[in-house]
Structures are given as structure tokens and as C-alpha cells.
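Colleague: Please walk me through this model. I would like the packing first, then some single residues.

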Amino acid sequence: MTYSRIAAVDVGNDSIKAIFGQLDSELNIPNVIARDIEDRPVIGIEELDSKDPLDGLHVRLHSPALADNNAIYRIGNLATKSNNATELDPGSSKSEEDQTLIMLFATLALDAVSARNEKHFQRNKNVIDANYTLGTGLPLREVKEGKDAGYRSKLLGSVHQVEFLITPKYQGLKVNIKFDEVKVYPEGFAAFINLVLDNNANIINKELIDKRILIQDIGGLSTDIAVIKNRNVDDDKAQGFNLGVSEALEQIREEIRSKHGVELDSRRDVVEIITKKNDRNHIMVRGSRTSVHDITDRILLDLAKKQYRLLRNIWQKNSQTEICYFVGGGATVLKDYLKTLNNNLDGYNIDFFEDEKESIWMMANAYYKLISDFKKKTSKETDVKDQKAVKA
Ligand SMILES: Nc1ncnc2c1ncn2[C@@H]1O[C@H](COP(=O)(O)OP(=O)(O)OP(=O)(O)O)[C@@H](O)[C@H]1O
Ligand SMILES: [Mg+2]
């Protein structure tokens with residue numbers, strides 16, 4: 001039987017989080033792509049300022065699943081530096097955007113060619129055949145609209161090829177990705193699974209499993225609130241909003257630039273300033289330590305108020321809710337503000353994850369638990385069938 005590698009992939013609007021194999025590797029790649037015009041080598045390897053493949057992802061993609069087949073893209077960090085970079089638009093559907101597939105295929109290909117994993121797969125000269133068992137997710141809204149089925153069959157239906165172009169270490173390699181199985185989970189439900197199950201699908205949180213809970217996932221561009229009752233997501237009650245933290249981070253960056261004349265490279269730099277343990281909310285301006293607390297406080301408090309309104313609204317409609325968990329990168333950034341607002345206002349029973357990694361990797365961890373459990377069960381079934389066949 002051919003090896004089929006487990007991949008649990010959360011294609012977030014802000015970044016992709018992926019966990020592979022026996023938890024042996026993971027990848028986190030900014031969800032940014034830039035299309036290259038063909039027949040024009042825009043970059044040369046000597047122009048890449050790093051030898052890390054993650055900083056120089058440059059690929060051509062062949063797949064019937066893509067609306068735009070055979071196109072060339074810069075992906076992740078390399079795309080960030082390009083002037084035609086595209087990030088996902090808040091109103092778009094993840095399941096229908098080429099960008100979602102481009103990021104997914106590039107992430108899997110990167111896993112397949114890495115020195116540690118490549119031995120698992122068949123390789124013929126510079127072509128690697130990589131089989132994956134994929135667990136991934138879509139926003140509740142899209143699952144409600146039934147878009148998961150089409151997304152799944154697009155993935156299962158064909159071979160998807162990623163060709164590494166001017167990428168350090170991997171230039172010239174091609175990866176043929178085939179899916180043995182694809183599971184598409186609704187995002188909010190996945191977060192619930194992560195709270196109540198461990199990696200072997202054992203219940204780890206008996207108190208929580210039968211409670212009515214809300215999970216407010218504050219991402220880069222969107223916020224999803226899942227309503228959980230009777231161990232299931234209540235599809236009708238769940239809601240998605242086009243409100244994330246990216247805009248606030250961008251605004252902070254802009255105000256720091258206009259007020260202090262300091263140019264920060266990215267939103268990630270802003271996150272660092274507002275979450276660092278030492279000297280939080282301070283930057284260096286011409287060599288002097290300077291507070292930017294006034295700027296960050298005002299903008300983040302404003303966003304926290306909007307998030308709190310969303311919570312209040314959903315809680316009103318689900319009055320028997322016992323607890324709300326805040327997850328996602330946005331929960332990390334807004335934690336203190338939301339706690340303060342809640343103490344001064346309605347005093348809901350809310351909770352956060354102390355470990356920011358746990359908060360940000362929530363979905364990917366959940367998909368991993370679900371897909372590895374699925375694989376374990378199905379391979380047991382085939383074992384049983386095989387044994388029966390032997391006995392017969
Ligand atoms: N420790 C951290 N490391 C990186 N980013 C962080 C961190 N804490 C907060 N963030 C920020 O939180 C925001 C949301 O990140 P998250 O990974 O939850 O979004 P996403 O899942 O990619 O987006 P969405 O849920 O909208 O699809 C990002 O803008 C990110 O910059
Ligand atoms: Mg997310």
C-alpha cells in the first residue's frame with residue numbers, strides 16, 4: 001500500500017497553519033500571493049536575500065481545480081515584497097478562490113520536498129509523487145451553503161502539480177499531489193473538538209462537552225462565532241462577520257508612521273510591539289525609547305468594543321450560553337481590552353487561552369485530531385477486511 005501522509009491545514013485569511021505526519025512537522029506561511037507575468041523572469045535567485053525556501057517560494061501550478069491553470073506565483077514572504085500582492089478579500093468565499101488552493105498546494109509541496117519527508121514518497125528524478133490524507137476546514141457560512149462538497153471533489157478529482165521555479169534548495173523539483181481522502185470540517189465545530197478531545201480522540205474535558213458554549217474566533221480579516229449545543233454546532237445560530245484585526249494593525253502602523261516618522265515593515269511588527277513581554281507598546285525613535293501606548297490603546301479598544309458588541313448580540317439570542325471562549329490571533333491581541341470591557345459592562349463568563357500558540361493553532365490542531373482519528377479508524381477497517389480475506 002502506498003504511504004499517505006496526514007496533513008491538517010488551516011487556510012487562514014492571515015496565514016496558513018499546517019501540521020503533518022505523526023506531528024513531525026508544521027508550517028506557517030503568510031496568506032499572500034503575487035502573480036508573475038509569464039515569459040519574463042522577474043526575479044533571479046541572486047536577488048533573493050535569503051537561502052530559506054520559505055522566503056523564496058516561487059512556483060508554477062498545474063491543476064484542473066484552478067480557474068487560472070499553469071500560472072506562476074510568488075507566495076508568502078516573497079509575495080509580500082511584491083507590488084501586486086493579493087490578500088484575500090473579506091467578502092470572498094474561501095472555497096471558490098484560487099488563492100485558497102494555491103496556498104494549500106504550495107504548503108503541501110513544501111512539506112513533500114523537505115529533506116526529512118521526501119523519503120516517504122516515490123521519487124522519479126525530479127518528480128515526487130506525494131499522497132496526502134487531508135483534513136481542512138471552511139467557514140461555517142460556506143459549509144451552511146453546501147460549498148464543502150464542491151471544494152472536496154475539486155481536490156479529490158485530480159492530480160495537482162507544484163513546480164518549484166526560483167526557490168532556494170528546491171528549484172527544478174516538481175511535486176504531484178494526490179489526495180487519498182479529504183475531509184472538510186466547519187471551522188467553529190473544529191474549535192470545539194479541539195477543546196474536548198485529545199490527539200487520540202479521548203474526551204479530555206468532561207465538564208465542557210455537554211455545555212452550551214460560544215466560540216468567538218477573531219482572525220485577520222474575519223470573526224466567526226460558533227454556537228455549540230448538544231455536542232454539535234448549531235448551524236442556524238452561527239455567524240460570520242467581516243471584521244478582523246488586520247485593519248486595526250494597519251491603522252496603528254500608519255499612525256506610528258505619521259506621528260513618529262517610523263516605518264514598520266509589516267503588521268507582524270505591530271503585533272510584536274503590542275504583545276511583547278518587555279517594553280510593550282514602546283518603539284525606538286531616532287534612538288530614544290518612545291511610548292506608542294496612546295495610539296495602540298485607542299485603536300485596539302475601539303476594535304475590542306466592536307467585538308464585544310458582536311458577543312453581546314449573539315449571547316442575547318442564546319441566553320442559556322454558559323461560557324464563551326475567545327480564540328484566534330485576534331483574541332491574543334485584544335485579550336486585555338475585552339477582559340476590561342467585560343468587567344465594566346455585562347460580566348459574561350468568558351475565557352481565553354493563555355498560550356498564544358494554542359489560540360492561533362486551534363483550527364489546525366483540531367483538524368489534526370479529526371483527520372488522524374479518521375485515518376486510524378479506516379485503516380483498522382481495512383486491516384479487519386484483510387484478515388477476513390486471509391481467513392476466507
Ligand atoms: N503571536 C502571534 N503571532 C502572529 N500573529 C499574531 C500573533 N498574535 C496575534 N497575531 C495577529 O492576529 C491576527 C489573526 O491571526 P489568525 O492566525 O488568527 O488569523 P487567520 O486565521 O489567518 O485569519 P481568519 O481567521 O480571518 O481566516 C493576525 O493579523 C496576526 O497578525
Ligand atoms: Mg482563523
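Modeller: A nonpolar core is a set of buried Ala, Val, Leu, Ile, Met, Phe, Trp, Tyr and Cys residues joined through side-chain atoms within 4.5 Å. Buried means under 20% relative accessible area, exposed over 50%, and partly exposed in between (1.4 Å probe, protein chains only). This is a predicted model, where local features need pLDDT of at least 70, side-chain atom pairs count only at pLDDT 80 or more, and totals for chains, interfaces and linings use all residues. Residues are numbered from 1 along each chain as its sequence is written, and side-chain values use heavy atoms, with hydrogens and water left out.

Colleague: Which residues touch the most other members of the largest nonpolar core?

Modeller: That core has 46 residues. Helix α2 (residues 98–113) gives the largest share, 11 residues. Helices (H or I, at least four residues) and strands (E, at least two) are DSSP runs, numbered from the N terminus. Another core, of 40 residues, lies apart and includes Ile299 and Tyr348. In the largest core, the residues touching the most other members are Ile75, Tyr132 and Phe164.

Colleague: How are α2 and α4 oriented to each other?

Modeller: Axes are lines fitted to C-alpha atoms, for helices over the stretch in contact, and angles run from 0 to 180 degrees between N-to-C directions. The axes of α2 and α4 (residues 147–156) come within 13 Å and cross at roughly 45°. Angles under 35 degrees count as roughly parallel, over 145 as roughly antiparallel, 65 to 115 as roughly perpendicular and the rest as oblique. The two helices, α2 and α4, are therefore oblique.

Colleague: Which residues of α4 meet α2?

Modeller: Contact means heavy atoms within 4.5 Å. From α2 come Thr100, Leu101, Leu104 and Phe105. Their partners in α4 are Tyr151, Lys154 and Leu155.

Colleague: Is Asn176 buried or exposed?

Modeller: Asn176 sits in strand β10 (residues 174–186). Leaving aside neighbours within four places in sequence, Asn176 contacts Val127, Ile128, Asp129, Ala130, Val159, His160 and Gln161. Its relative accessibility is 18%, so Asn176 counts as buried.

Colleague: Which elements do the buried residues of α8 pack against?

Modeller: Helix α8 spans residues 267–275. Its buried residues are Val270, Ile273, Ile274 and Thr275. They pack against α7 (246–260), β15 (282–285), α9 (293–317) and α10 (329–344).

Colleague: How far apart in space are Asn200 and Lys369?

Modeller: Asn200 lies in the loop between α5 (187–196) and α6 (206–209). At 49% relative accessibility, Asn200 counts as partly exposed. Asn200 and Lys369 are 169 residues apart in sequence, but C-alpha to C-alpha they are 7.1 Å apart.

Conventions
Chains lettered and ligands numbered in written order.
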